[in-house]
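Subject: Structure handover

Hello,

My notes follow below it.

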Amino acid sequence: MINTLNQQRQIFQEQLIKEITEFHYRFNRYRTKYSIALAYISEENGDLSICSEHLRESDTLILFQNNFCALIFDSTNEEQGIKAANNVLSDVQNIFFAKHFYMVVTTASDEYSEFQMVHDLFDLISYALEHNMDNLVIDSSQVIQHKQLV
């Protein structure tokens with residue numbers, strides 16, 4: 001997956017930036033936060049479109065490949081975004097038992113442009129894949145802690 005991610009990262013990022021335009025506009029205008037999660041399952045024929053069954057109507061699923069997707073959690077702060085991602089992770093783990101499932105999440109903040117937010121999110125999923133940090137939701141604070149331990 002790391003090779004595919006590196007080869008198609010720019011395409012995936014551009015697609016995600018287009019999808020979050022409305023969310024980021026509302027964040028800038030009304031301070032309505034949102035979170036984005038990237039999800040990857042090691043099973044190539046695993047179908048993550050089932051994640052849509054576990055989302056609210058205001059949330060969005062973007063499928064990059066059958067086993068790689070983005071989830072946009074509308075109106076969520078950092079804590080709520082991590083909780084929403086953990087809920088999806090739990091539901092999907094029950095369906096794809098014993099598979100490696102990677103999920104990373106970030107939340108809109110004043111320090112991030114849409115581009116930086118998406119760029120950092122793809123850096124997080126790359127880090128999680130390279131260090132086999134599967135079956136849990138990773139955010140930037142956990143990566144910092146992990147780097148200190150290594």
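Which residue in S4 does Ile 36 stand opposite? Ile 36 stands opposite Thr 106.

First, the ground rules. This is a predicted model, where local features need pLDDT of at least 70, side-chain atom pairs count only at pLDDT 80 or more, and totals for chains, interfaces and linings use all residues. Residues are numbered from 1 along each chain as its sequence is written, and side-chain values use heavy atoms, with hydrogens and water left out. Helices (H or I, at least four residues) and strands (E, at least two) are DSSP runs, numbered from the N terminus.

Strand S1
S1 covers residues 34-41. It is largely enclosed by the rest of the structure, because 8 of its 8 residues are buried (under 20% relative accessible area; exposed is over 50%, partly exposed in between; 1.4 Å probe, protein chains only). Tyr 34, Ile 36, Leu 38 and Tyr 40 point one way. Ser 35, Ala 37, Ala 39 and Ile 41 point the other way. S1 pairs (at least two DSSP bridges) with S3 (residues 68-74) in the antiparallel sense, over 7 bridges. Ser 35 stands opposite Phe 73 there. S1 also pairs with S4 (residues 101-107), again antiparallel over 7 bridges.

Salt bridges
The structure holds 4 salt bridges (a side-chain nitrogen of Lys or Arg within 4 Å of a carboxyl oxygen of Asp or Glu). One of them joins Arg 9 and Asp 123 at 2.6 Å, N to O. Arg 9 lies in helix H1 (residues 2-30) and Asp 123 in helix H3, so the pair ties together parts that are 114 residues apart in sequence. Another joins Arg 26 and Asp 74, at 2.6 Å. That pair links H1 to S3, 48 residues apart. Asp 74 counts as buried, at 9% relative accessibility.

Asp 139
Asp 139 sits in the loop between strand S5 (136-138) and helix H4 (140-149). Asp 139 is buried yet has no salt bridge. Lys 33, the nearest side chain of opposite charge, is 12 Å away (Lys and Arg count as positive, Asp and Glu as negative; His and the chain ends are not counted). Leaving aside neighbours within four places in sequence, Asp 139 is in contact (heavy atoms within 4.5 Å) with Glu 78, Ile 82, Val 105 and Leu 124.

Helix H3
H3 (residues 114-130) has 17 residues. Its buried residues include Leu 121, Leu 124 and Ile 125. Just after H3, Asn 132 takes a positive phi of about 50°.

Best regards

Terms used: The expected span of a helix is 1.5 Å times one less than its number of residues.
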